[in-house]
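Hi there,

Here's the structure I promised to pass on. Have a look at it first, and then read my notes below.

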Amino acid sequence: MPAEAGGDVDAALAAALAPFDMDSDNPVDRGMWDSWTIRGGSDGHGFAVGAGHWDDPRLIHDMPRWDGTPLPSVPGVCAGGPRGLLDFTRPTAAAERTLGASWDLWQQLSAAHPPAVPLADFVHRWRTDPEAFPDDQYGEAMFAAYREQAAIQAYLDHPFSLGRGWLSFPEPFEHPVIAFEGGRADYLRPAADMKLWHRDVLTPDGWWIEPDGHAVHGACDPDDCPHTAPTIGPETELYLASLPEDTLLIRLHCHC
């Protein structure tokens, strides 16, 4: 988005996204979303912030959850801001910083609370001891008891836990960092090797471009557009890094 959009980000986004609203009277082939939210600073899918800019007020952070719960950005990560404040030198830096924050949070909480009983122990008791969780056919009481542990509850309720772990059947599993037995560097190593997601891009001149190159212009009927779409290709981060420094980049999660 152009730099002047920083004066009212929500209004600028609403205007830029309006031509692609699938619930309006837009052409069907231009319907790309039915809801959207600013997201990326708290979940590892945002942007790494360049050194010296971590406290810059121009950075953009996640909207709260649907229930109003705040989603603070991981240190050194944001959901957007002027391109010149963002760090594109390490493509996986945001993911690494986010996993690091998840790791650090668990270490802090586990040091401050009594040791937690592993999830596997609760599941084993539920399956083998009929007196442990009576009349608990679906394991709801068992999972609740597991979560009641101070360290577990504080961790899983924090955005930096990243929503990982599966506390339900048929295959419940412990949050990866809780069960991990190696060190911090070992935990972060997979993030350094991960492949970046290919993402849709909404360009400053109103083109919605998908990773496979399919593009629709917000100003035109898709069946009768005389304009030529810019070429981005699947490596969308390279395109974003090439934009002018004052271009406002914002990571969105769109539902359709």
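Are H3 and H4 roughly parallel or roughly antiparallel to each other? Keep in mind that this is a predicted model. Helix H3 covers residues 119–128 and helix H4 covers residues 140–147, and the two pack at an angle of about 150°. Angles over 145 degrees count as roughly antiparallel, so that's what H3 and H4 are. Their axes lie 10 Å apart, and the crossing of H3 past H4 is right-handed.

Who touches whom here? On the H3 side you'll find Leu-119, Phe-122, Val-123 and Trp-126, and they meet Met-142, Phe-143, Ala-145 and Tyr-146 of H4. Sorted by class, that contact has 8 nonpolar residues, with no polar and no charged ones.

While you're there, check the loop between H3 and H4, which holds Asp-135. Its phi is near 55°, a positive value in a residue that isn't glycine. Most residues other than glycine have a negative phi, and most peptide bonds are trans. The other one to look up is the bond from Phe-169 to Pro-170: it's cis, with omega near 20°. Pro-170 is in the loop between helix H5 (150–156) and helix H6 (176–179).

Last stop, the largest pocket. It holds about 1000 Å³ of space, and 42 residues line it. Asp-200, Ile-250, Arg-251, Leu-252 and Cys-254 are the ones nearest its centre. Among the elements giving two or more residues to the lining are helix H1 (9–17) and strand E9 (252–255). The lining splits into 26 nonpolar, 9 polar and 7 charged residues.

Cheers

How values were computed. Residues are numbered from 1 along each chain as its sequence is written. This is a predicted model: local features need pLDDT of at least 70, side-chain atom pairs count only at pLDDT 80 or more; totals for chains, interfaces and linings use all residues. Side-chain values use heavy atoms; hydrogens and water are left out. Axes are lines fitted to C-alpha atoms, for helices over the stretch in contact, and angles run from 0 to 180 degrees between N-to-C directions. Helices (H or I, at least four residues) and strands (E, at least two) are DSSP runs, numbered from the N terminus. Angles under 35 degrees count as roughly parallel, over 145 as roughly antiparallel, 65 to 115 as roughly perpendicular and the rest as oblique. A crossing is left-handed if the near helix is turned anticlockwise from the far one by less than a right angle, and right-handed if clockwise. Contact means heavy atoms within 4.5 Å. Ala, Val, Leu, Ile, Met, Phe, Trp, Tyr, Cys and Pro count as nonpolar, Asp, Glu, Lys and Arg as charged, and the others, Gly among them, as polar. On a 1 Å grid over the protein atoms alone, a cavity is a set of points where a 1.4 Å probe fits but cannot get out, and a pocket is an open set with protein on both sides within 12 Å along at least five of seven lines; lining residues have an atom within 4 Å of a point. Grid points are joined across faces, edges and corners, and a volume is the space filled by probe spheres set on the points.
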